[in-house]
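Please open the model in your viewer and keep the selection tool at hand. The tour goes from one selection to the next, and at each stop it says what is there.

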Amino acid sequence: MNPAAADDARSVAPPDPARWIEVEHLHFVYPNGYEALKGIDLVIARGEKVAIIGPNGAGKSTFLLHLNGIHLPSHGRVRVAGIEVTRATVKRVRAEVGLVFQDPDDQLFSPTVFEDVAFGPIHMGLSPEEVHRRVEAALAKVGMSGFERRAPFHLSLGQRKRVALATVLSMEPSVLVLDEPSAGLDPRGRRELIGLLRTFDETLIASTHDMRLVAEVFPRTVILDDGRIAADGPTEFILADDVLLEAHGLERP
């Protein structure tokens, strides 16, 4: 075994459902010297729904980008489903972790909904039959069956967000990471999104300023501020602590 393969093998351990995501002493420094994360320690079980909240500039988005290898730690480590996130393992990590961006137009680029949702499975080398199965299943899961031949840019924002989510679901990840999922939605679209997310069985991690979304979907909440975890616990207790929320620029739903 060559050294690179040996390093790759050592980065994989048997997955523990109780520790599906493990973050240990995570630090991240941008090239300009700004330290965005300052020692994050966090464990998330498979199937948990966890909200990451905090003021602007707290490091929330930077943290999310470590979960599928867009960023790699300056110090510390991140492990998902027993796989340590490294340059060597990033392809396998991204098969486990689906990242849904705040703006769906960052993920939708094909002429039709079907082509967008099929893009990932096609590049996984799956058969045409399996690609069709996954596209149909993903669109059904987000309530967008029948939209396969529609042009994404003709859809409403809420519909585009659902299709962007389907593009990730078609890869069948064990973890969904959402960045500001309800941003820009009208009340109806927001209610539909809340109802949708509550049905998901996947491990769900979302960075959001929408406290009502947090209260209705996520049983656990983590407050991130100045690159550090300021609080971590049951959502009902976090959102009931006015002093804690005010200290970190937050308020009750």
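The stops below take in strands, nonpolar cores, pockets and cavities.

Before selecting anything, keep in mind that this is a predicted model, in which local features need pLDDT of at least 70 and side-chain atom pairs count only at pLDDT 80 or more, while totals for chains, interfaces and linings use all residues. Residues are numbered from 1 along each chain as its sequence is written, and side-chain values use heavy atoms, with hydrogens and water left out.

**Stop 1**

Strands of a sheet pair through backbone hydrogen bonds, either parallel or antiparallel.

**Stop 2: strand β3**

Next select β3 (residues 49-53), where five of the five residues are buried, that is, under 20% relative accessible area, with exposed meaning over 50% and partly exposed in between (1.4 Å probe, protein chains only). In a regular strand the side chains alternate between the two faces of the sheet. In β3 both faces are covered, with Lys49, Ala51 and Ile53 on one side and Val50 and Ile52 on the other.

Which strands run parallel to β3? One is β8 (residues 203-207), which pairs with β3 over four bridges in the parallel sense, and here Lys49 has Leu204 as its bridge partner. Another is β9 (residues 220-225), which is also parallel and joined to β3 by four bridges; in β9, Thr221 is the bridge partner of Ala51.

**Stop 3: the nonpolar cores**

A nonpolar core is a set of buried Ala, Val, Leu, Ile, Met, Phe, Trp, Tyr and Cys residues joined through side-chain atoms within 4.5 Å. Select Val117, Leu165, Leu197 and Ile223, which have the most contacts inside the largest core, a set of 44 residues. Helix α6 (residues 157-169) gives the largest share of this core, six residues. A second, separate core has 28 residues, among them Ile21, Ile52, Ala81 and Val177.

Return to Leu197 and show its surroundings: apart from neighbours within four places in sequence, Leu197 is in contact (heavy atoms within 4.5 Å) with Lys49, Leu178, Leu204, Leu213 and Val217.

**Stop 4: the pockets**

On a 1 Å grid over the protein atoms alone, a cavity is a set of points where a 1.4 Å probe fits but cannot get out, and a pocket is an open set with protein on both sides within 12 Å along at least five of seven lines; lining residues have an atom within 4 Å of a point. Select Arg94, Phe119, Gly120, Thr167 and Met171, which lie nearest the centre of the largest pocket among its 22 lining residues. This largest pocket holds about 660 Å³ of space, and α3 (90-96), β6 (97-100), α4 (113-123) and α6 each supply at least two residues of its lining.

For the second largest pocket, with about 240 Å³ of space, select Gly158, Gln159, Leu185, Gly189 and Glu192, the nearest to its centre of 16 lining residues. Helix α6 supplies the largest share of this lining, six residues.

**Stop 5: the cavities**

How many cavities of 30 Å³ or more are there? The count comes to two. The largest cavity has a volume of about 110 Å³, and of its 13 lining residues the closest to its centre are Val100, Phe101, Lys161, Leu178 and Pro181. Helix α6 gives the most to this lining, three residues.

Finally, select Ile40, Leu42, Ile52, Phe63, Val222, Leu224 and Ile229, which line the second largest cavity, whose volume is about 30 Å³. The elements that give two or more residues to this lining are β2 and β9.

How values were computed: Points joined across faces, edges and corners; volume = space filled by probe spheres on them. Pairing = 2+ DSSP bridges.
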